[in-house]
Amino acid sequence: MTSKQACSQTIEVLEQQFGGREVSFLQGRGGLPYVRLATSKGHSAEIYLHGATLTSWCVESSGEQLFLSDSAIFSAEKAVRGGIPLVFPQFGPGTLASHGFARNRPWHVVESKSNSSECSVALQLEDDEGTRALWPNRFVCRIRYSLSTKLQAEVTVSNTDRQALQFQWAFHTYFKVADIAATSVRGLSGLPYLDNLKSKQSFVDQRALATISEEVDRIYCDAPDIIEVLEHEILSMTIEKNQMPDAVLWNPWAEKSKGMSDLAPDAYRRFVCVECGAIAKPIVLNPGEVFSASMSLATP
Ligand code: TA6
């Protein structure tokens with residue numbers, strides 16, 4: 001199905017094909033369609049078909065876990081500022097627009113599942129004339145979000161071309177925090193990172209807990225698969241990644257935020273981005289090969 005066909009997935013069609021007690025389809029911000037997952041235990045998540053962007057994950061006992069900018073722009077041309085924008089096929093600046101095109105394309109729903117304890121939805125993006133004009137490769141990218149007591153994201157990228165496929169992938173996750181000044185990240189201590197603010201020179205932060213008191217933009221290569229976010233040194237989020245070697249730690253702080261029209265001037269104080277991905281060493285797939293990776297997010 002091409003993105004044109006994806007547009008034929010009206011909310012009515014989506015409800016008929018994939019709707020159910022835990023899976024519903026609604027019209028959201030900017031008139032864009034989204035899917036709402038809601039378990040019988042009171043957990044919920046919302047995923048816009050635009051960019052397959054998960055914009056909300058609510059845990060019954062502790063509420064919203066992700067940051068979504070009040071000034072986020074919901075339109076076909078713009079990536080959502082917050083939630084979990086998907087980075088593919090390029091991370092950061094390069095021959096394509098920053099972070100690639102996947103987060104700005106219409107994905108289509110291909111599957112939904114639900115049982116008493118978990119519900120999930122899978123969305124898919126394939127190459128079409130538009131993507132091939134930007135990036136001359138054939139591919140199928142599928143993302144499945146599963147909601148139970150935790151949130152799981154599984155991605156597959158298939159090389160459906162007759163040539164090798166080279167790309168980067170990342171989940172650009174905005175974690176909601178009460179105050180960045182009281183937030184720290186555990187699991188990156190003593191590891192080398194490339195500093196995007198210093199021409200990607202390599203540094204090491206020996207502190208047991210990485211805290212943020214200025215703009216931070218670091219790519220930790222070969223980071224551990226378990227990374228934790230703490231608030232007031234109390235665990236608030238456990239991130240587990242699989243088949244993604246790298247982790248990015250980012251916060252724009254005050255000055256950089258001023259230049260971001262979709263972010264209120266003080267909003268930087270209410271999120272930290274910890275992004276799991278395959279960045280430093282791009283993935284290379286031969287024809288017919290498939291890249292699979294996953295991320296699991298859990299509150300204590
Ligand atoms: O993940 C960190 C980063 O690459 C930063 O350099 C900053 O550009 C951020 O992503 C947000 O990028 P965006 O294109 O969404 O504004």
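Start by selecting β21 (271–285): with three residues, β21 gives the largest share of the lining of the largest pocket. Strands here are DSSP runs of E, at least two residues long, numbered from the N terminus. This is a predicted model, where local features need pLDDT of at least 70 and side-chain atom pairs pLDDT 80 or more, while totals for chains, interfaces and linings use all residues. Numbering runs from 1 along each chain as its sequence is written, and side-chain values use heavy atoms, with hydrogens and water left out.

A pocket is an open set of points on a 1 Å grid over the protein atoms alone, where a 1.4 Å probe fits, with protein on both sides within 12 Å along at least five of seven lines; lining residues have an atom within 4 Å of a point.

The largest pocket holds about 590 Å³ of space. Of its 27 lining residues, pick G92, S98, H99, H172 and D217, the closest to its centre.

Now show the ligand, which sits in this pocket (more than half of its atoms lie within 2 Å of the grid points). Around the ligand, select R81, F91, S98, H99, R103, H172, D217, V248, W250 and E275.

The protein covers 81% of the 390 Å² of accessible area that the ligand has on its own (Shrake-Rupley, 1.4 Å probe).

How values were computed:
Near = heavy atom within 4 Å. Points joined across faces, edges and corners; volume = space filled by probe spheres on them. Helix = DSSP H or I, 4+ residues; strand = E, 2+ residues; numbered from the N terminus.
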